[in-house]
Amino acid sequence: MTIRIALAGNPNSGKTTLFNALTGSNQFVGNWPGVTIAKKEGKLKGAKDVLIVDLPGIYSLSPYSLEEVIARDYLADERPDAILNIIDGTNLERNLFLTTQLVEMGIPVVTAVNMMDAVNKLGNRIDFERLSETLACKALGISALSGEGIVEAAEAAIAAADQPAPTPRHGFSGSVEHTLAHIEEAVLHDLPDNVQRWYAIKLFERDEKIAAKLNVDAATRAHLEEDIRKCETEMDDDSESIITSERYAYIESVIGGCLTTKKKGALTVSDRIDLVVTNRFFALPIFAFVMFVVYFVSVTTVGSYATDWANDGVFGKGWELFGARIPGVPAILGEILTSIDCAQWLQSLILDGIVAGVGAVIGFIPQMLILFFFLAFLESCGYMARIAFIMDRIFRKFGMSGKSFIPILIGSGCGVPGILSSRTIENERDRRMTIMTTTFIPCSAKLPVIALISGALFSGAWWVAPSAYFVGIVAIVCSGVILKKTRLFSGDPAPFVMELPPYRWPAARNVFFSMWERSWSFMKKAGSIILLSTIFVWFASSFGWSNEGFGSVEMPNSLLARVGSAVSWIFAPLGWGEWQPTVAALTGLIAKENVVGTFGILYGFTEVAEDGEEVWAVLQSSFTVVSAYSFLVFNLLCAPCVAAMGAIRREMNSAKWFSVAIAYQCVLAYLVAFCIYQFGKFFTGAGFDIGVAAALAVTAFFLYALFRAPTKSLAERAD
Amino acid sequence: MDAKTLKNVKVGDTVKVVRIIGVGAIKRRIMDMGITKGSEVFVRKTAPFGDPIEVTVRGYELSLRKDDAEMIAVESVNSVNSVNSAGQGER
């Protein structure tokens, strides 16, 4: 029989380090049912029949945060055989707060006090015998980083799994205990003895989720309510506060008996770092510098070399290794396929569809690995929390988190890692908002499109490129303000009460684990979607009807071109209702830089420069300045490329939210491009017509959405 | 005049928590993090843009927004460092 041990602890307590040390590479990463929070399980090293389940990092078992609800539901419903509770020895007081709740669940608990090396360095001493005694659970010291004591901790947890859970030692004050006894008697007497206390405390705290789960009828609840009120009047506080305060009071007494601290006074190294890093004057320059390094290395230099190598070398024309020429995968495969007399269409499917599709995904991997390395480093050294601290003031105004800065910055290089880096945002609503808006910032693949339009129609005017970034930023800010007020994003605001963990040098193993885990999850899930979509678009753009019936054709005769012609009327109000720009925009869904190449093909050039210089003259005849800018803005804001959409699908982890995001982006792009074209036309001399009137109406609606009062639940908070 | 709240405590001052005024998720979260009746809170600094603030409570660093700090009623610990009444606090 498998023994299940749940690993529980505060964020920043070294839980991940311990989990990695205990399980090694025997990890399975998934999601908790229905949410995007990662669920990690692993077999204990050297013990086939012991499963360690890593619970989300939590501070408490309240009903208010998703992580906490997941953790307590797992403990209450799945009933693991034991809980291994890891706590940060340098911060016993707050860490023990969770412990006092865990021991009430009726499951054997072993408390592993982590970071003993840091505790010893501070000159503090912990009396483990006494701590075990007072907490009614075995407590021992470990160092997850060096591995000291972790085997003993795991063994203690396995041993505890055989024993019945001891009764918690701590009690509450007389009148609370009296009420708890009443609650147990009234509703809980049918439940097993060892879970009654946990449920009684939750009912006393008026935990709606637990009350609903236990199906307490209205009459009984009214009766309980009376008891709770009486107790509250007596204690002059509400029930939740009474419990929380008494827990902390109890912990103070535990610590008084078990912890001897050396006289404090001198600042720790972490304190000194923080004095500089979040200093009022230095904070922003340092922040800008850190962001510059992250961006420079992962997006512009190392990352883009690696991606170019993967895209143009391995999946392109070939590359060189110590002077030897190694042909690219398409060339090698092409030769093999030709040598075995593979059918032309199948060869095209493999090379232009599958290899190009897989290549597009793999091409992102080097960049992603580097970026995730930085993110993991920033998170585990403690700076990520400071980024949120520094930027919160700005980003919260439009419904995002201080940590939204990173996805948007990275998104200016490439939307895929940008979207994936939203993982660091804990709050689900902030994260969704960030995912939806990140790709508004022009990524590097959109630069050729900007260059094309700017070169062809604006004779390379200096302001076109900056204006694209300006449009992107305004789109993010306005979307934030507008979406925040809709019902989708309303609801109880998430509290921004965040621990600023001490600065620590991250463990290399953790950084690499996290880097690999995130990249792999992208490759697995998004890879399949991207691959399918690329094959689909490949099919649509290389097959169609010709004189000889259905078969392989040039792009202007393809299914895609037909679809483009059929739907091009949709874009007529935007000023570019011809089929060529429509098809160009459609192929932009594979990769935005395709827009330029497609124009080349459709206007009869075989190969075009990156900025499409050859087609400028044709574009000048079919576009006006206004319609060209409308085309540019539409392509900047509409649904991103397939790879980025795959990332959105992956990170939203919900078909509904994925559709909402893509629909919002397309509708916004359409409306903005529409207004630009209609107003532009009006101001460049065309008369007032129904189009301008409609644009006025759209603008009015937009302003209303921007300035209206927020939906109810947010308004309530403002009271 | 309102009672003094954590929002208007000057940087560098230590205060004692009297009561948490709010309700629901935010109140519970504040208390779960150790800001309970009677606990001592040291205001360390404000963020570069003036909000949120960083405090030391129960031996660790915590950041919270001024809007939320306003829900925490406090009193001075020592008369020497006593803080001005509401409205004149640190901005």
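Biologist: Between which strand and which helix of chain A does Asn12(A) lie?

Modeller: This is a predicted model, in which local features need pLDDT of at least 70, side-chain atom pairs count only at pLDDT 80 or more, and totals for chains, interfaces and linings use all residues. Side-chain values use heavy atoms, without hydrogens and water; residues are numbered from 1 along each chain as its sequence is written, and chains are lettered from A and ligands numbered from 1 in the order in which they are written. Helices (H or I, at least four residues) and strands (E, at least two) are DSSP runs, numbered from the N terminus. Asn12(A) is in the loop between strand E1 (3-9) and helix H1 (15-23).

Biologist: What is the phi of Asn12(A)?

Modeller: Most residues other than glycine have a negative phi. Asn12(A) is not a glycine, yet its phi is positive, at about 65°.

Biologist: What is the relative accessible area of Asn653(A), which also has a positive phi?

Modeller: Asn653(A) is in the loop between helix H29 (642-652) and helix H30 (655-683) of chain A, and its phi is about 50°. Buried means under 20% relative accessible area, exposed over 50%, and partly exposed in between (1.4 Å probe, protein chains only). Asn653(A) counts as partly exposed, at 31%.

Biologist: Which peptide bond in chain B is cis?

Modeller: Most peptide bonds are trans. Pro52(B) is in the loop between strand E2 (40-46) and strand E3 (53-57) of chain B. With omega near -5°, the cis bond runs from Asp51(B) to Pro52(B).

Biologist: How far apart are the C-alpha centres of domain 1 and domain 2 of chain A?

Modeller: The domain bounds, from an automatic or database domain assignment, are 3-162 for domain 1 and 174-248 for domain 2 of chain A. The C-alpha centres of these domains are separated by 27 Å.

Biologist: What area do domain 1 and domain 2 of chain A bury between them?

Modeller: Buried area is the accessible area (1.4 Å probe) that two parts lose on being put together, summed over both. On the side of domain 1 of chain A, Arg72(A), Phe97(A) and Glu104(A) lose the most, together 39% of what that side buries. Of the total, 52% is on carbon and sulfur atoms. The two domains bury about 1,400 Å².

Biologist: Which residue forms a salt bridge with Glu104(A)?

Modeller: A salt bridge is a side-chain nitrogen of Lys or Arg within 4 Å of a carboxyl oxygen of Asp or Glu. The rule finds 3 salt bridges across the interface of domain 1 and domain 2 of chain A. With the closest N and O atoms 2.8 Å apart, the partner of Glu104(A) is Arg247(A).
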